[in-house]
Amino acid sequence: MFELTKNRSTTLESFRALSAFTVMLAHCYIIFISERYPDVYPIAGSLAQSSVMVFFVLSGFLIGLSVKSNLIRNKGIFNIEQYATARFFRIYPPLLFSLALTACLSLLSIYVFSMPDGKPLSAWARMPGYSLNFIPTQYFSTLTFSNYLLNQGVSSNGSLWSLPIEVWCYVIAGMMFFRSIWIKAIAIFLFLILQDMHIKFRLFSLVWALSFAVALAMPFIERHKHTSLICILISLVMAFFAKK
């Protein structure tokens, strides 16, 4: 069995930290200085999107390893309670902190990010769909991960758009390991519905699902030296078509 050793875990966490730092820098550029240096925008956008892709790859891979460990611990029977509890405490505490911080900054933003005409200083904040205002209904849709159902997200924290995609991937992946064929059918039906609702879900959920599948197939991949090369080639092809 493929095990997540300390060295492997450190490597993955390093990729995660580097990606997070890149996204932060790209967002700082977009919010604060893109108006003065617009030529850098395509580069910043590409770096941010590539880093987000890394997050989804890591997420799918690590959840796949988690599901595999769950099955091994419980002798082939998937323990949904363990899986759901782990996901809940992994997601909700940082999400609640993030939303509380966003709400405070939104309420204080009028005293910091304003011009003599009363409009926000940031060019990003003037874009359609974005604002520095505190809108409670947007926070509710984020807490319930219904952004794509309501077509609504926290406009003062655009980075939260990716979380619902990951959460619904967690839900669908967990449902696929129920013994009931009906639960599996519902999971597939839900996946197809979400695929049709938003192009971002269509792209990133497929990347997540492929990474999840790679995690489950790691024993096979480790035994066959050319499998890694094939996976890399498939990833490059997907990235090429996604870019188009």
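Helix α6, which comprises residues 162–175, has 14 residues and reaches 21 Å from its first C-alpha to its last, a span close to the 20 Å expected at 1.5 Å a residue. In this predicted model, α6 is mostly covered, since 12 of its 14 residues are counted as buried. Along α6 the buried positions are S162, L163, P164, I165, E166, V167, C169, Y170, I172, A173, G174 and M175. For the chain as a whole, buried residues make up 32% of the 244 residues. The chain contains 10 helices and 0 strands, and its pattern, read along the sequence, is α-α-α-α-α-α-α-α-α-α.

The buried residues of α7 are A187, L194 and Q195. When α7 is seen down its axis, these buried residues fall within an arc of 105°, so they line one face of the helix. On the other side of α7, the residues I181, W182, F189, L192 and D196 are exposed. As a general point, an α-helix has 3.6 residues a turn, so residues three or four places apart point the same way.

Two helix pairs illustrate how the elements of the chain pack. Helix α2 (residues 41–73) and helix α8 (residues 199–216) pack at an angle of about 40°, with their axes 7 Å apart. This angle makes α2 oblique to α8, and the crossing in which α2 passes α8 is right-handed. Sorted by class, the residues in the contact of α2 with α8 are 16 nonpolar, 5 polar and 1 charged. In the second pair, helix α3 (residues 80–108) and helix α4 (residues 136–143) pack at an angle of about 170°, with their axes 11 Å apart. This angle makes α3 roughly antiparallel to α4, and α3 likewise passes α4 in a right-handed crossing.

Helix α8 also holds R202, which counts as partly exposed because its relative accessibility is 35%, a value that lies between the cut-offs of 20% for buried and 50% for exposed. R202 and F191 are 11 residues apart in sequence, and the distance between them in space, from C-alpha to C-alpha, is 9.3 Å.

Backbone geometry in the loops was considered next. K75, placed in the loop between α2 and α3, has a phi near 55°, which is a positive value in a residue other than glycine. A positive phi of about 55° is also found at F145, although F145 is not a glycine; this residue is placed in the loop between α4 and α5, the latter formed by residues 147–150. With regard to accessibility, K75 counts as exposed at 78% relative accessibility, whereas F145 is buried, with a relative accessible area of 9%. The value for K75 therefore lies over the 50% cut-off that defines an exposed residue, while a buried residue is one under 20%.

Notes: Residues numbered from 1 in each chain as written. Predicted model: local features only at pLDDT ≥ 70, side-chain atom pairs only at ≥ 80, totals over all residues. Heavy atoms only, no water. Axes fitted to C-alpha atoms, helices over the stretch in contact; angles between N-to-C directions. Helix = DSSP H or I, 4+ residues; strand = E, 2+ residues; numbered from the N terminus. Parallel < 35°, antiparallel > 145°, perpendicular 65-115°, else oblique. Left-handed = near helix turned anticlockwise from the far one by under 90°. Nonpolar A, V, L, I, M, F, W, Y, C, P; charged D, E, K, R; others polar. Buried < 20%, exposed > 50% of the residue type's maximum accessible area, 1.4 Å probe, protein only. Arc of directions from axis to C-beta. Expected span 1.5 Å × (residues − 1).
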